[in-house]
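Here's a walk through one chain, taken from the overall layout down to a few individual residues. Have the model open beside you as you read.

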Amino acid sequence: DRLAVMSVCTTASAVINCIEANKAFEFANSVTELDLGGKGFGDDGVKLISDTLRRNSTLEVLNLADDRIRDAGAGFIAEALKVNKTLTSLDLSDNYIGNEGVKLLSEALADNKSLTSLSLDYNSIDNAGLEHVVAFLKKNYTLKTLKLNLILFDSTLSYQVEDELEINNDPSRSRVKAGGGAPTFGGGPPPPPGGGAPMFGGGPPPPPGGGAPRFGGGPPPPPGGGAPMFGGGPPPPPGGAAPRFGGPPPPPGGGAPMFGGPPPPPGGGAPNFGGPPPPPGGGAPVFGGPPPPPGGGAPNFGGPPPPPGGG
């Protein structure tokens, strides 16, 4: 059963004396709930409470509402929250905690794994302070209730706070996955044995020896490396290179016919679009005209040869 402890100390100085004498925690091994709200003991009293909270391992609920706590006092509580593993509910409402105090609390709560309920109502917090709250909620996955009048803040920040709390309250959207780690975008399957991850959670695992088929569909690469284009073309011929768009293999000595034409004549060169081979000595007729006269030159589109001496 939970044990509620109502302090008999009624003034700030009396509360401090009680804590110093450890009377407020005389049942330290069994106390689970402590209500010190409305005592107004300020930051000095909170420091003593926080020092005791660091050593306590049973307290679950602590009420420090309306106790004149400021940023310094919030810092003392933050230090206690970094080491305390049992506190689940903390009420800091109706105090004087500002943006700096919220920042200190947020830094501690980013790693806290026990607190599920926090009240910060009626403090001196503005949008800058709420930004710290949003930041720690993105890392904290145990806080499920935050009492804070969000209507007083920027609507975008308020929506972010509400959304992060919804995630913590919805098991299907939990930031924590069994075994640690998280799939990309929260939807893909876990990585295959040996590491690595399928592309977008759909492709098959990589073939033996590494590498991966393209887009999860093509065949594995042929022996010796390389990969068929888009998984459809034939493997490259011996010696490397690949036929163009599925044409015949290149002739001996290299090179490739253009668009399936005949092989080049002995000595190299290629006919122009299927014309006759070049005359002895090189050169090529223009668009199928007669060969050039002795000495070079070429007739103009089939006209007479040039006069001796050129021109």
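## The chain at a glance

Of the 311 residues in the chain, 29% count as buried, where buried means under 20% relative accessible area, exposed means over 50%, and partly exposed is in between (1.4 Å probe, protein chains only). Bear in mind that this is a predicted model, in which local features need pLDDT of at least 70 and side-chain atom pairs count only at pLDDT 80 or more, while totals for chains, interfaces and linings use all residues. Residues are numbered from 1 along each chain as its sequence is written, and side-chain values use heavy atoms, with hydrogens and water left out.

The chain has six helices and six strands, and along the sequence they follow the pattern β-α-β-α-β-α-β-α-β-α-β-α. Helices here are DSSP runs of H or I with at least four residues, strands are E runs of at least two, and numbering starts from the N terminus.

The accessible surface of the chain is about 19300 Å², with 59% of that belonging to carbon and sulfur atoms; the areas come from the Shrake-Rupley method with a 1.4 Å probe, and for residues only the protein chains shown count as cover. As for contacts (heavy atoms within 4.5 Å), take those between residues at least 6 apart in sequence: 76% of them join residues at least 24 apart.

## Helix against helix

Now for the helix pairs. Axes are lines fitted to C-alpha atoms, for helices over the stretch in contact, and angles run from 0 to 180 degrees between N-to-C directions.

| Pair | Axes come within | Crossing angle |
|---|---|---|
| α2 (residues 42-55) and α3 (residues 71-81) | 8 Å | roughly 0° |
| α3 and α4 | 8 Å | roughly 5° |
| α4 and α5 | 8 Å | roughly 0° |

How are α2 and α3 oriented to each other? They are roughly parallel, a label for angles under 35 degrees, with over 145 called roughly antiparallel, 65 to 115 roughly perpendicular and the rest oblique. On the α2 side you'll find D43, V46, K47, S50, L53 and R54, and these meet A72, G73, F76, I77, E79 and A80 in α3. By class, the α2 contact with α3 has six nonpolar, two polar and four charged residues. For that tally, Ala, Val, Leu, Ile, Met, Phe, Trp, Tyr, Cys and Pro are nonpolar, Asp, Glu, Lys and Arg are charged, and the others, Gly among them, are polar.

Next along, α3 and α4 are also roughly parallel to each other. Here D71, A74, G75, I77, A78 and L81 of α3 meet E100, G101, L104, L105, A108 and L109 of α4. This contact splits into eight nonpolar, two polar and two charged residues.

The α4 and α5 pair is roughly parallel too. N99, V102, K103, S106 and L109 in α4 meet A128, G129, H132, V133 and F136 in α5, giving five nonpolar, four polar and one charged residues.

## A closer look at α5

Helix α5 (residues 127-137) has G129, L130, V133, V134, F136 and L137 as its buried residues. These pack against α4 (99-109), β6 (145-147) and α6 (155-169). At the N-terminal end, D126 provides the cap, with a side-chain oxygen 3.0 Å from the backbone nitrogen of A128; a polar contact like this is a pair of N or O atoms within 3.5 Å, where within protein one must be able to donate a hydrogen and the other to accept it, and residues adjacent in sequence count only if both atoms are side-chain atoms.

A135, also in α5, is partly exposed, at 41% relative accessible area. Its C-alpha atom is separated by 9.6 Å from that of K103, 32 residues apart along the chain.

## Loop residues worth a click

N112 sits in the loop between α4 and β5 (117-119). Is N112 buried or exposed? It's buried, with a relative accessible area of 4%. Polar atoms of the N112 side chain lie 3.1 Å from the backbone oxygen of L81 and 2.8 Å from the backbone nitrogen of L115. Leaving aside residues up to four places away in sequence, N112 touches L81, N84, N140 and T142.

Most residues other than glycine have a negative phi. D66, though not a glycine, has a positive phi of about 55°, and R68, not a glycine either, has one of about 60°. D66 is partly exposed at 39% relative accessible area, whereas R68 counts as exposed at 53%.
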